[in-house]
Amino acid sequence: MDRLDLISPETRFYSPPHPFVLESGAVLERVRIAYRTWGILNNKRDNGVIVCHAFTGWADVEAWWEPLLGTGRVLDPTRDFIVCSNILGSCYGTTGPTSIDPRTGKPYGPTFPEITVRDLVHLQRLLVDALGIESLRLVIGGSLGGMQVLEWALLYPEKTRSIAVIAASGRHSAWCIALGEAQRGAIYADPHWQGGNYALDRPPARGLSAARMMAMTTYRSHASFESRFGREYGEGGEFTIARYLEYQGKKLVERFDANAYITLSRAMDRHDVTRTGKSYESVLQSIQQPTAIVAIDSDLLYPPVEQEELAKYIPNSELFWLRSPHGHDAFLMDGDMDALNDLLVTFGNG
């Protein structure tokens, strides 16, 4: 593909012309990137904005971050050329475990190679270059998206002029690794799993559903669940919180792949900005871009102490507080997203 159109109201696809080499040394022979854009690249090609989505997200920012997208907002299509691509290893159009392995003619499934957050960013960089973007005004993302943002600043400092890291850490904690391992264990324990080769072509729905139910308890907070559910009972005598978690598990099974869940959760566990021969602190100190760091005061998954640590070591950073009773997912929740937009507009106008 010699040219890419600069406006894509629908999801489009780009295939780099060469094999993609992962940080592990494994090679993906044919890679495809699903992406969407908003706005127009200016003549200087320097108004690019990259939005990095979270764990089970996808490229359509309008579907999950609409309050941040629009005239006068932090993602302004009248000013910026905004790009969001589905990440490597996911299942919304970019190469991942559900893609066909050209060596076998069958989906990769559990044979999809191990990937890292840096791999996600390196692949995004290929798309940015193909789109003709020479400079990025901002790279922004929350959770797994925030991890990618930090790597953008470190891997491509000449390309990245400012960053916004939301509800993320510079390295995955033992707490997060433990939670991820328990969720993967639920998938592995599903009787239909069988090492990733689904028995009778049936996906491990119960395992993936249970993994999502576990995750949801860390995406919210004690106060959020108490105020919304308390000890209320629903039809059939079940607690309403139990019915809610079952609903969330079912919804994810309908839209996400178990092997993608495993692949991306393991990539998150390996997240660590530390470089060989450099300390964690010195690597953070090397980030020179203006940096907005957003902490959610009720976040159980990536607690504020981790964002305070980022703000302590990144020299040109500012710590913002998103005050919410709803926990980690506040950056994706109605009402809280409006407050998040206001914080980030303040940063962008600073």
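A: Arg212 has its place in helix H5, which covers residues 205-219; helices (H or I, at least four residues) and strands (E, at least two) are DSSP runs, numbered from the N terminus. The model is a predicted one, in which local features need pLDDT of at least 70 and side-chain atom pairs count only at pLDDT 80 or more, while totals for chains, interfaces and linings use all residues. Residue numbers start from 1 along each chain as its sequence is written, and side-chain values rest on heavy atoms, with hydrogens and water left out.

The pLDDT is the predictor's confidence in each residue, from 0 to 100. Its mean over the chain is 94, and 94% of the residues reach 70 or more. Residues 1-7 have a pLDDT below 50, and this stretch has 19 contacts in the model beyond near neighbours in sequence; a contact means heavy atoms within 4.5 Å.

UniProt, in an unreviewed entry, assigns the feature "binding site" to Arg212 and Asp329. On a 1 Å grid over the protein atoms alone, a pocket is an open set of points where a 1.4 Å probe fits, with protein on both sides within 12 Å along at least five of seven lines, and lining residues have an atom within 4 Å of a point. UniProt positions are given in the numbering used here, feature names are shortened, and annotations may be inferred rather than shown by experiment.

Arg212 has a relative accessible area of 10% and is therefore buried. Buried means under 20% relative accessible area, exposed over 50%, and partly exposed in between (1.4 Å probe, protein chains only). Not counting residues up to four places away in sequence, Arg212 touches Thr56, Tyr219, Gln248, Gly249, Leu252, Arg255 and Tyr261. Asp329 belongs to the loop between strand E12 (317-322) and helix H11 (336-348), and Asp329 is also buried, at 13% relative accessibility. With the same exclusion of residues up to four places away in sequence, Asp329 touches Tyr219 and Arg220. The side chains of Asp329 and Arg220 make a polar contact at 2.8 Å; such a contact is a pair of N or O atoms within 3.5 Å, where within protein one must be able to donate a hydrogen and the other to accept it, and residues adjacent in sequence count only if both atoms are side-chain atoms.

The feature "active site", again from an unreviewed UniProt entry, is listed at Ser143, Asp299 and His328. These residues are spread over 186 residues of sequence but cluster in space, with a largest C-alpha distance of 10.9 Å. From this set, Ser143 and His328 belong to the lining of the largest pocket.

Ser143 sits in the loop between strand E9 (136-142) and helix H3 (144-155). With a relative accessible area of 5%, Ser143 is buried. Its phi is near 60°, a positive value in a residue other than glycine.

His328 is in the loop between E12 and H11 and is buried, at 1% relative accessibility. Its side chain makes a polar contact of 3.0 Å with the side chain of Ser143. Leaving aside neighbours within four places in sequence, His328 is in contact with Ser143, Ala167, Thr218, Tyr219, Ile296, Asp299, Leu301 and Tyr302.

Asp299 is placed in the loop between strand E11 (291-296) and helix H10 (304-313). It counts as buried at 3% relative accessibility. Apart from neighbours within four places in sequence, Asp299 is in contact with Ala167, Pro304, Gly327 and His328. A polar atom of the Asp299 side chain lies 2.9 Å from the backbone nitrogen of Leu301.
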